[in-house]
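Biologist: Could you walk me through this model before I start using it?

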Amino acid sequence: MENNRRDFIKKSAALAALSVTGAGAVASVAKQTNETPVTRNLVKDAGMHLCEAYFDGPEARKVTLNKQLGVLGAVGRMSPNTFGSDLKPWDLNGIQAVKEGWEKLGLTMRVIEGDMVMGNKIKLGLPGRDEEIANFITLVQNIGKAGINIICYNWMPVSCCERYNTTGR
């Protein structure tokens, strides 16, 4: 059969499905692609850590449902006060309190997302930005120490326009 875009897409989709569904699909993929089946040990989740976003903190119904689905990772804000700590979000002990709070729920904090430290002063170049930058650097260093390896940051001044006069800098 001649290689063309349609065959490429079919083979790619079949192999992607194989990586997610496991070894039971090997024969089916081999039949569709006219190739010899390859036997190998596949990881149940293809090595991925499925996560759910909890931007407003843990919600009992959402946590229960996601645990039933096998979605055991959490994406959320670094808000120590959510778990009863008054520490700063960039403080290592505060980060560990958040991580432990998720672990008590049976989930693993894998991704930090949201404006937990990076304030509008950084985004708008206002006085006080250097302190916010220092806090953000400390946050990045400390989440690494705590074993959280992904941070999704937002440099857009989406919430600042109401609080600051952005035209008269």
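Modeller: What follows covers confidence, the fold, the core and a charged pair. This is a predicted model, in which local features need pLDDT of at least 70 and side-chain atom pairs count only at pLDDT 80 or more, whereas totals for chains, interfaces and linings use all residues. Residues are numbered from 1 along each chain as its sequence is written, and side-chain values use heavy atoms, with hydrogens and water left out.

Biologist: Where is confidence lowest, and where is it highest?

Modeller: In terms of pLDDT, the predictor's confidence in each residue from 0 to 100, the lowest part is helix α2 (residues 26-33) with a mean of 51, and the highest is helix α3 (residues 60-69) at 93. The protein chain averages 77, and 64% of the residues score at least 70. Over residues 160-164 the pLDDT stays under 50, and the model has 7 contacts there beyond four places in sequence, a contact being heavy atoms within 4.5 Å. Where pLDDT is low, the predicted coordinates should not be read in detail.

Biologist: OK, and how many helices and strands are there?

Modeller: The protein chain has 6 helices and 4 strands, taken as DSSP runs numbered from the N terminus (helices H or I with at least four residues, strands E with at least two). Along the sequence the pattern reads α-α-β-α-β-α-β-α-α-β.

Biologist: Which strands does β3 pair with?

Modeller: Strand β2 (residues 73-76) pairs with β3 in the parallel sense over 4 bridges, and β3 is joined by 3 bridges to strand β4 (residues 150-152), also in parallel; pairing requires that DSSP finds at least two bridges between two strands. Ala 74 has Met 109 as its bridge partner in β3, Gly 76 stands opposite Ile 112 in β3, and Ile 112 in turn stands opposite Ile 151 in β4.

Biologist: And β1?

Modeller: β1 runs parallel to β2, joined by 4 bridges, and the chain crosses from β1 through α3 to β2 in a right-handed β-α-β crossover. Right-handed here means that, with the strands pointing away from the viewer, the path from the first strand over the helix to the second runs clockwise. β2, α4 and β3 also make a right-handed β-α-β unit.

Biologist: Are the faces of β2 buried or exposed?

Modeller: Both faces are covered, with Gly 73 and Val 75 buried on one side and Ala 74 and Gly 76 buried on the other; buried means under 20% relative accessible area, exposed over 50%, and partly exposed in between (1.4 Å probe, protein chains only).

Biologist: What about the largest nonpolar core, which residues have the most contacts inside it?

Modeller: That core has 18 residues, and those with the most contacts inside it are Met 78, Ile 95, Trp 102, Met 109, Leu 139 and Ile 148. The elements giving two or more residues to it are α4 (92-104), β3 (108-113) and α6 (129-145). The term covers buried Ala, Val, Leu, Ile, Met, Phe, Trp, Tyr and Cys residues joined through side-chain atoms within 4.5 Å.

Biologist: Switching topic, how many salt bridges does the structure hold?

Modeller: The structure holds 1, where the term means a side-chain nitrogen of Lys or Arg within 4 Å of a carboxyl oxygen of Asp or Glu. Glu 52 forms it with Lys 62, the closest N and O atoms being 3.5 Å apart, and the pair links Glu 52 in strand β1 (residues 51-54) to Lys 62 in helix α3, 10 residues apart.

Biologist: How accessible are Glu 52 and Lys 62?

Modeller: Glu 52 is partly exposed at 25% relative accessibility, and Lys 62 is partly exposed with a relative accessible area of 23%.
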